[in-house]
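Subject: Structure handover

Hello,

Here is the structure we talked about. Please open it alongside this note.

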Amino acid sequence: MATERICVLGLGYIGLPTASILATHGFDVVGVDKRKAVIDHLRQGRTPIEEPGLNTLVEAALKSNHLSLNDEVQEADVFMICVPTPHENARADLSFVREAAQSIARRLKPGNLVILESTVPPSTVEKILIPILAGSGQKIPGDVFVAHCPERVLPGNILTELVTNDRIVGGIDELSRERAKAVYGRFVQGEIHLTDCTTAETVKLIENTFRDVNIAFANEVEAVCRKIGINAWDVIRLANKHPRVNILRPGPGVGGHCIAVDPWFLVEAAPEEAKMTRLAREINDAKPLRVIAEIEQTLKNTGKAKPALLCLGATYKANVDDIRESPALHIIEHFSKRRDLTFMVADAHAKNLNHNIPSVALNEGLSKADVIALLVDHKEFLSLDWPGLRSRKGAENILDFKGVMP
Ligand code: SAJ
């Protein structure tokens, strides 16, 4: 059988590693992104994302000549949609999925397989993807196979999880499921579970919502402990010693393009029923405001007319460069507007920060700051001399929102 040709649409956090891993596992892959700058950067050997091992994998894929790059969809046996699905006013914005499906429909041939990896609201395959693909004149189901295999990898550990995680493959019929399973079976070492598309769509949303609800509970525990006057980190650590308790970590809020977004797709699908889901979102979304209030109070307590504030971290979580939906950035944007303080941000990972945000080198910020607020637990912050900083600046002026201080 001839080598299968796969066209991967969207070369972002998921599409780029997936296209590269498919290429290094014997498929002929065309990686497509309509953003010409992304294609140009990749051709110059520049990977647009900070992710361990990704540069090496992309380089290997390009060198093998099994990965080519294009800004337009090409004919293929398999099409894989890996485009973003942001939300707007708690509703899913599916414009990128629609656009990708339309460009595939123009190239669709009998026997093709279309796989949607993007996270979408329940019934998107049935109600949106299939009607657009059917516009090609192909009979679906029948002529063309369609599957949904939601991505599940953790930014920061993408290359390992792409291979080791179990996958959920939803198909519109038995043949769609089997064909999609054969594609993933080439590089996935985890189990591949087969189901229908709407179940696969919902499973993905439930996974991220479970995490969001758990973090909201951790944030609530933190607020309750504060009221009681005890240390929430100790309480959670000790509660987690129970064999059936596993509370996640409080923090300055929940960010990123997944957990802060996907639960809203469930709320949109079942507004009356998804009560806890909505509340968890509201609790986590409100957290940056509580952090702002605490920093404000600490600045006031210094008694200085123009205190110097240093925020450590701007990204949505540790050791990534992604600032989308970042709670730290929300907090930083608030303080960057203030004229009555000297404001500084140290984050060597964050790229594309707005030029109004005054970035400083870590040591410079640490020496000038009156108040330090740790918002992201980047690895370089973990090894700081926290006891030394506490004694130099005053323990009450060091605010650790990630629980990294010993
Ligand atoms: N966070 C906390 N406390 C915690 C863990 C996380 O406050 O204990 C915060 C982080 O700081 C961050 C946000 O939550 O702001 C999300 O970070 P994350 O590491 O929990 O998750 P993501 O968004 O990077 O990736 C998630 C993963 N989903 C699950 O673990 C269920 C990943 O497997 C998914 O593939 C990804 O969403 C996605 O693309 O949907």
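Below are the findings, starting with the helix pairs.

This is a predicted model, in which local features need pLDDT of at least 70, side-chain atom pairs count only at pLDDT 80 or more, and totals for chains, interfaces and linings use all residues. Residues are numbered from 1 along each chain as its sequence is written, and side-chain values use heavy atoms, with hydrogens and water left out.

Two packed helices are described by the angle between their axes and the distance between the axes. Helices (H or I, at least four residues) and strands (E, at least two) are DSSP runs, numbered from the N terminus. Axes are lines fitted to C-alpha atoms, for helices over the stretch in contact, and angles run from 0 to 180 degrees between N-to-C directions.

Take α11 (residues 275–301) with α12 (residues 327–336) first. Their axes lie 10 Å apart, at an angle of about 40°. α11 and α12 are therefore oblique to each other. Angles under 35 degrees count as roughly parallel, over 145 as roughly antiparallel, 65 to 115 as roughly perpendicular and the rest as oblique. The crossing of α11 and α12 is right-handed. Handedness works like this: a crossing is left-handed if the near helix is turned anticlockwise from the far one by less than a right angle, and right-handed if clockwise. On the α11 side, the contact (heavy atoms within 4.5 Å) uses P288, L289, V291, I292, I295, E296 and L299. On the α12 side are P327, H330, I331, H334 and F335. By class, the contact of α11 with α12 has nine nonpolar, two polar and one charged residues. Here Ala, Val, Leu, Ile, Met, Phe, Trp, Tyr, Cys and Pro count as nonpolar, Asp, Glu, Lys and Arg as charged, and the others, Gly among them, as polar.

Now α8 (residues 197–228) with α11. The two axes come within 9 Å and cross at roughly 45°. α8 and α11 are therefore oblique to each other. This crossing of α8 and α11 is left-handed. α8 brings residues including T209, D212, I215 and R226 to the contact. α11 answers with residues including M276, R281, K287 and E294. The residues of the contact of α8 with α11 divide into seven nonpolar, four polar and eight charged.

One more residue of α11: L279 sits in this helix. L279 counts as partly exposed, at 48% relative accessibility. Buried means under 20% relative accessible area, exposed over 50%, partly exposed in between (1.4 Å probe, protein chains only).

Helix α15

In α15 (residues 386–393), the buried residues are W386, G388, L389 and K393. Seen down the axis of α15, they fall within an arc of 155°, so they line one face of the helix. That arc is taken from the directions from the helix axis to the C-beta atoms. P387 and S391 are exposed, on the face of α15 turned away from its buried side. The cover over the buried residues of α15 includes β11 (308–312), α13 (362–368), β13 (371–374), α14 (379–382) and β14 (398–400).

H87 lies in strand β5 (residues 87–88). H87 counts as buried, at 18% relative accessibility. Beyond four places in sequence, the contacts of H87 include A260, W264, F265 and E325.

G170 is in strand β9 (residues 167–171). At 0% relative accessibility, G170 counts as buried. Leaving out residues up to four places away in sequence, G170 touches V146, A147, H148, R177, T195, D196, C197 and A200.

Best wishes
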